[in-house]
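Have a look at the sequence and the structure, then read on.

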Amino acid sequence: MAAAAAGLSWRRVSSFTGPVPRSRHGHRAVAIRELLIIFGGGNEGIADELHVYNTVTNQWFLPAVRGDIPPGCAAHGFVCDGTRILVFGGMVEYGRYSNDLYELQASRWLWKKVKPQAPSNGSPPCPRLGHSFSLYGNKCYLFGGLANESEDSNNNIPRYLNDFYELELQHGSGVVGWSIPVTKGILPSPRESHTAIVYCRKDVGNPKMYIFGGMCGCRLNDLWELDIETMTWSRPETKGTVPLPRSLHTANVIGNKMYVFGGWVPQSTGGEISAPDGEWKCTGSFSYLNLDTTEWIGLISDCQEDKSNLLPGPRAGHCAVAVGTRLYIWSGRDGYRKAWNNQVCCKDLWYLDTERPQAPSQVQLIRATTNSFQLKWDEVPTVEGYLLQLHADSPVPPVAGIPGTGIPETSVLSSQGGCSLHQSPQSLPSVPYPEMKVDHPSQTNNLIPNNVQVALSSSSKVEGKEKIAAPENKVTQETMKNHADATGFRESNAPSHLPVCTSSAQTSANVGELHDLDKQSVNPDASVSSTVSSTQTMVTQQAVKTESSSTNGAVVKDETSLTTFNSKSEAAETAYVMPSTRVSTGQTNDSQSSRAPQRPPASVKTRDRRWYDVGIFKNNSAVVSQFYLLPEETMNIKSKTEGADVPDYRLLKKQDLFPGTVYRFRVAAINGCGIGPFSKISEFKTCIPGFPGAPSTVKITKSVDCIHLSWEPPASPSGNILEYSAYLAIRSTQLQENPSQLVFMRIYCGLKTSCIVTAAQLSNAHVDYSSRPAIVFRISAKNERGYGPATQVRWLQGKVTVTHS
């Protein structure tokens, strides 16, 4: 048991901001995405405030609620359905219980008292506390609780309940009414302060509700199962050691496990105590029930003493909430002394990662320069950082006649390539990464520089409309000749206005070596630069949204040409998974960095499979200009297996990136359980000096009949900008044949840094569903050398209805 507990990595949140709620017990909590919403409970009076904790920003706040604000209550029912929360019953003052039902629309923080219809075959639920209130589909299931038989609230005569109700919800808001389902089998015995969860196996079986423990004069540890489809009660047979009888504990489902923490348990460890005046204590025990095999697994025993503050202390009446695969526990009372006739409530917030994080999305390119990349990937919930690795092909020889810029393009992030992760010293066993400390994984900073952010705005009219020549009806088809070069990526010699480097969740990217129609030279190594969206919050909905993305293959179409280049499939790579321990970060810029680029040693072969660490990043973005060189004896990836030594970044030299070189990237997320699997591989190429950079700060302003597209000039124009081209992904028969290839039509060409996209043009737009539905734009700049990398913007759409003719 102790060994199992040692493998747990509980973290106490030691640093947060905002108005922290006072400690309490009998409160309830739910999660809406990254927000923990806590209501009710008592400690020297019943609390009536609604507190919210943001697990990403590590901040408490009190939302400005309005409407039919309910009175404070304790031991009430509290469930979450999307962004609405339902509150039923509870104790509103000593001896007086409630059977009122309230709804909170969290998107507006609006309370509403709802009055469901009474059941056709009986009375509505009586006032009660300590009941369970569980949601599945559009129905809430109410079971048991404690009622007061006395008319006088001061003369409390308890009555334990085992009645069972079903509450049907309306879509969006409101309720239909109560009903009393006809059930089969033996109903569970009366009880209060028990737990109830609903679980449905993904592969087979009906949804099941499980009730565990509770109080009925004595504590219980029986497990009951309700088949929701057949409404049949049963007592499932379990394996393993059943947790001690308990009440005021919590139970949460994560994956296929029901995690049970804390509560009141018998003082002695022998058998079930039936005497109501027996000796009881709060516990910090922690177990889970495998809901597929109905086997109990103990993680922290009832008798295990924790004197190192590595585990949450004993408590009852606390709240526990699952956010993804992470379990949060807050407050609760830590015991009751008859001699003192008082109780103490905990003030601490803890979390536990129950499994390794999932693989992040494929790395996406935001910006490429001659010797750096700006990258991003989708966030993985509840992680503490990301390990980014690269694999380098042999550098491409410099192009004759194109001088180097001499000065690499920099950004505000050039000194923040690897962000510091902070960690409590009592977490997992240490590994030889540089020292770090974690107060909380959510203390993040935005790594995207201001000049690459997408501004979201709306407007009723668009100023500065300009005429755009309509594309010609006839489009000539250019044939393509693709070949694989020595480094394994394909090049296209077909003409195009838009050199791009693309990637997708399924394949690695190709680099298209493209030339303009007027035979002017272009940057053969230019890359797509995707702008990054603002984060959408739970309570805000905006009509104009954008997100970053790269595409899998593309077709570029303007008035006179149609060009295609393909993407190749990527063979599966052997993932390098580091030990399942806490990891630290090294800064990507330090005194040991080798500032002048040097050619890799001759032993580095083309397309080798050696992965180098770029660093560990707190956020889901990074500016990469260097990577760590490993000692020769650790270069073989086969030696880097789980349990192997992890190099100390502080002792490693760094290698700068080279112009005109293909680099392959993968990323893995890190949480309290270690490093998860790596993402699929992306491939990008650094630019060759002399070509303009990508336009930045793209803005999309929506009007009634058009949109206004604007951008800022490249940060590195490398000479005079001769023109800009803007492209729109359009519907095409080629898309039906190969959905991975987008077709782009040029909608603007000129010196201005803005253009109007008309409703007629938008009506021909292709809606890309590779992630969220979006319309895709690309913008690139041209100087004397030719066109540089394009900035790609995905304009997020709402629910899109596609009609097939």
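The largest nonpolar core has 30 residues, and those with the most contacts inside it are Leu-709, Trp-711, Val-757 and Phe-777. A nonpolar core here is a set of buried Ala, Val, Leu, Ile, Met, Phe, Trp, Tyr and Cys residues joined through side-chain atoms within 4.5 Å. Buried means under 20% relative accessible area, exposed over 50%, and partly exposed in between, using a 1.4 Å probe and protein chains only. Among the elements giving two or more residues to this core are strand S48 (706–712), strand S51 (754–758) and strand S53 (774–782). Apart from it lies another core, this one of 26 residues, including Phe-373 and Trp-377.

A word on what you're looking at: this is a predicted model, where local features need pLDDT of at least 70 and side-chain atom pairs count only at pLDDT 80 or more, while totals for chains, interfaces and linings use all residues. Residues are numbered from 1 along each chain as its sequence is written, and side-chain values use heavy atoms, with hydrogens and water left out.

Back to Val-757: leaving out residues up to four places away in sequence, Val-757 touches Cys-706, Ile-707, Leu-709, Ile-747, Leu-762 and Phe-777. Contact means heavy atoms within 4.5 Å.

As for the whole chain, the secondary structure comes to three helices and 54 strands. These are DSSP runs numbered from the N terminus, with helices (H or I) of at least four residues and strands (E) of at least two. Of the 805 residues, 56% count as buried. Residues 24 or more positions apart account for 68% of the contacts with a separation of 6 or more.

Now for some strands. S19 (residues 250–254) and S20 (residues 257–261) run antiparallel, joined by five bridges; strands pair if DSSP finds at least two bridges between them. They form a hairpin with two residues between them, and Gly-255 in the turn has a positive phi of about 65 degrees. Four of the five residues of S19 are buried. Ala-251 has Val-260 in S20 as its bridge partner. Val-260 is also one of the contacts of Ser-285, a residue in the loop between strand S22 (280–282) and strand S23 (286–290). Ser-285 counts as buried because its relative accessibility is 1%.

There's also an open sheet of four strands, ordered S1-S29-S26-S25, with antiparallel pairing. S1 (10–12) and S25 (319–323) stand at the edges with a single partner strand each, so one side of each has no neighbour in the sheet. S25 and S26 (residues 326–330) pair over five bridges, with Val-323 opposite Arg-326.

How many salt bridges does the structure hold? There are 20, each being a side-chain nitrogen of Lys or Arg within 4 Å of a carboxyl oxygen of Asp or Glu. Here are three of them:

| Pair | Closest N and O atoms |
|---|---|
| Arg-201 and Asp-292 | 3.4 Å |
| Glu-683 and Arg-664 | 3.7 Å |

Arg-326 lies in strand S26 and Asp-353 in strand S29 (residues 349–353), so this pair ties together parts 27 residues apart in sequence. Both Arg-326 and Asp-353 are buried. Arg-201 counts as partly exposed at 32% relative accessibility, and Asp-292 is partly exposed too, at 29%. By contrast, Glu-683 is buried at 0%, and Arg-664 is buried at 0% as well.
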